[in-house]
Amino acid sequence: MRLIFLFAFFAGSLFVPTDLLRAQEAVYQAPAGEAPPVAPPLKKGSPLDHLANDPKLAEPTIGYKEGNTQGNAPWIAHRLIDDVGGQGWGWVKKSDAGWGSAKWIALQETLGLAVAPHRKLVKADADLNWEYKFWGHFASYKAYDPRLDEQLPVFVLTGYEVIGLAAPLNIKVGPPDRIEHRPSGASSRDSRPILSDPGVD
Amino acid sequence: MRPYLALLSLLILGTLDASAQSREDIVLTGGPALRFMEHGKGDVSHDVYWFNFVDASVIRLKELKDQAKPDELVTWLIYRPAYAARSQEMGLDLLGQLQQKAKNLGVRLVYFNSKAELVAYLNRGLDRDKIKIGDFDYFGHSNKACFLFDYSNTIDTMSVAWLHVKDLKLIDRDIFAHDATCKSWGCHSGEMYSQWWKSRFDVAMTGAIGKTDFAHGGLPQLSNSDGKWSQ
């Protein structure tokens, strides 16, 4: 009975092999005497359905567009992975400005419209140093990265077009507080107090 | 004349009812990640089960209701946007289910949409000169410096709604009863958050050294053998 439940629960929510999931993810057990939770079937055509079931690419396709891409692109974006473990996406600058004015951003995807380009790739870092035209705007709020105890500006993505692979940029990675060596203030001893991996649960 | 008498009676009863409350017990519940954001993360994929924090909260709320004296209110504070987003992702009315759970428990359900709304409720949701918080429990994502009401729900692996230790100064010092009991059931709170809490409110908050595990269906337990609860 428990195996039937596990199959329905995980297969319904994720559509990936249950044996694999049993090995990888914690299994929720209902309190004694209560019915186990059963997720509804994955909605066909939903962002999660596309993410889980669409074929993945080795690298982005030059010229590919997603979301609202009308008019001239107001922003240019350069993808990079933060090698100290932060979850920032990369840099974004105004299309007519230099990279010196670029901001290290948290990328807020608009599900159903435009999601991060690396969602289409086999590996999340397969678009390292690729550049994109971005449509969207900076949010009025910031994102908190719990791994590094940092706050990042949020770029809300509504559309993008793949430009291509570019040369690495020679600018410092991270939000202004890191670059300017401003401690978070949360600890008198550590400039970054989050030491656990993954640091949040 | 009779309508006026009835109105006067209601006012008197209402006053008596409000003045009868002297303590409030609060359970604060953060939201789950979206499966879209957590897809493919293997053994660090969070919140496969959408009500992991809710089920644990319900257990604690039942305990509080059973223990509550007649002059104690029990309030359930829930970060609404995360459950609204997960509802949309799953095609389930999770908000309706939360309301039904609160109704079944007989507790007050108060949604909040931001840190500012949470702080406003804690400071001024009730008359804190008369009604102090006697018990406080937090269920949700956390690291040692932060309660994360939103985590991997709006932005992958990040938060857009949190209460950092540096934000505790936004909350009035005197909202808690002098003998209040506070506990964070989230991960790592005992490594920093508890100390800042005590410093701000002069009330101890129990928190975990290490991770906690919400996956077994009861109140969270320490994940590792070397973990412990601390103040």
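Visitor: In which order do the strands of the 3-strand open sheet in chain B run?
Guide: Please keep in mind that this is a predicted model. The order in that open sheet of chain B is S5-S6-S7, and the pairing is antiparallel.

Visitor: Which strands stand at the edges there?
Guide: Strand S5 (141–143) and strand S7 (162–164) of chain B stand at the edges. Each has a single partner strand, so one side of each is left without a neighbour in the sheet. From one strand to the next, the twist averages 15°.

Visitor: And how many bridges pair S5(B) with S6(B)?
Guide: S5(B) and strand S6 (residues 146–148) of chain B are paired over 3 bridges, in the antiparallel sense. Within S6(B), B:Leu148 is the residue opposite B:His141.

Visitor: Now the 7-strand sheet of chain B. What is its strand order?
Guide: The order is S3-S2-S1-S4-S8-S9-S12, in an open sheet with mixed pairing. Its edges are formed by strand S3 (108–112) and strand S12 (228–230) of chain B; each has a single partner strand, so one side of each lacks a neighbour in the sheet. On average, neighbouring strands of this sheet are turned by 20° against each other, direction ignored.

Visitor: How is S12(B) joined to S9(B)?
Guide: Strand S9 (residues 205–209) of chain B is joined to S12(B) by 3 bridges, and the two run antiparallel. B:Trp229 in S12(B) stands opposite B:Ala208.

Visitor: Which strands does helix H7 of chain B touch?
Guide: Helix H7 (residues 193–201) of chain B packs on the sheet and touches strand S8 (176–184), S9 and S12 of chain B. The direction of H7 makes about 165° with that of S9(B).

Visitor: What about helix H4 of chain B: which strands does it lie across?
Guide: Helix H4 (residues 80–90) of chain B lies across strand S2 (72–79) and S3 of chain B. H4 runs at about 55° to S2(B).

Visitor: Let us turn to helix packing. At what angle do H3 and H5 of chain B pack?
Guide: Helix H3 (residues 52–67) and helix H5 (residues 94–105) of chain B pack at an angle of about 20°, and their axes are 10 Å apart. That angle makes H3(B) roughly parallel to H5(B), because angles under 35 degrees count as such.

Visitor: Is the crossing left-handed or right-handed?
Guide: The crossing of H3(B) and H5(B) is right-handed.

Visitor: Which residues make the contact?
Guide: From H3(B), the contact involves B:Val54, B:Val58, B:Leu61, B:Lys62 and B:Lys65; from H5(B), it involves B:Leu98, B:Lys101 and B:Leu105. By class, the contact of H3(B) with H5(B) has 5 nonpolar, no polar and 3 charged residues.

Visitor: Over to chain A. How many helices and strands does it have?
Guide: Chain A has 4 helices and 6 strands. Read from the N terminus, its elements run α-α-α-β-β-β-β-β-β-α.

Visitor: What share of chain A counts as buried?
Guide: Chain A has 201 residues, of which 34% count as buried. Among its contacts between residues at least 6 apart in sequence, 66% join residues at least 24 apart.

Visitor: How do the strands S2(A) and S3(A) run?
Guide: Strand S2 (residues 75–79) and strand S3 (residues 90–94) of chain A run antiparallel, joined by 5 bridges. A:Gly90 in S3(A) is the bridge partner of A:Arg79.

Visitor: And how many bridges pair S3(A) with S4(A)?
Guide: S3(A) pairs with strand S4 (residues 103–108) of chain A over 3 bridges, in the antiparallel sense. Here A:Lys103 in S4(A) stands opposite A:Val92.

How values were computed:
Residues are numbered from 1 along each chain as its sequence is written. Chains are lettered from A and ligands numbered from 1 in the order in which they are written. This is a predicted model: local features need pLDDT of at least 70, side-chain atom pairs count only at pLDDT 80 or more; totals for chains, interfaces and linings use all residues. Axes are lines fitted to C-alpha atoms, for helices over the stretch in contact, and angles run from 0 to 180 degrees between N-to-C directions. Angles under 35 degrees count as roughly parallel, over 145 as roughly antiparallel, 65 to 115 as roughly perpendicular and the rest as oblique. A crossing is left-handed if the near helix is turned anticlockwise from the far one by less than a right angle, and right-handed if clockwise. Two residues are in contact if their C-beta atoms, placed from the backbone, lie within 7 Å. Ala, Val, Leu, Ile, Met, Phe, Trp, Tyr, Cys and Pro count as nonpolar, Asp, Glu, Lys and Arg as charged, and the others, Gly among them, as polar. A residue is buried if 20 or more other C-beta atoms lie within 10 Å of its own, exposed if 12 or fewer, and partly exposed in between; C-beta atoms are placed from the backbone. Two strands pair if DSSP finds at least two bridges between them.
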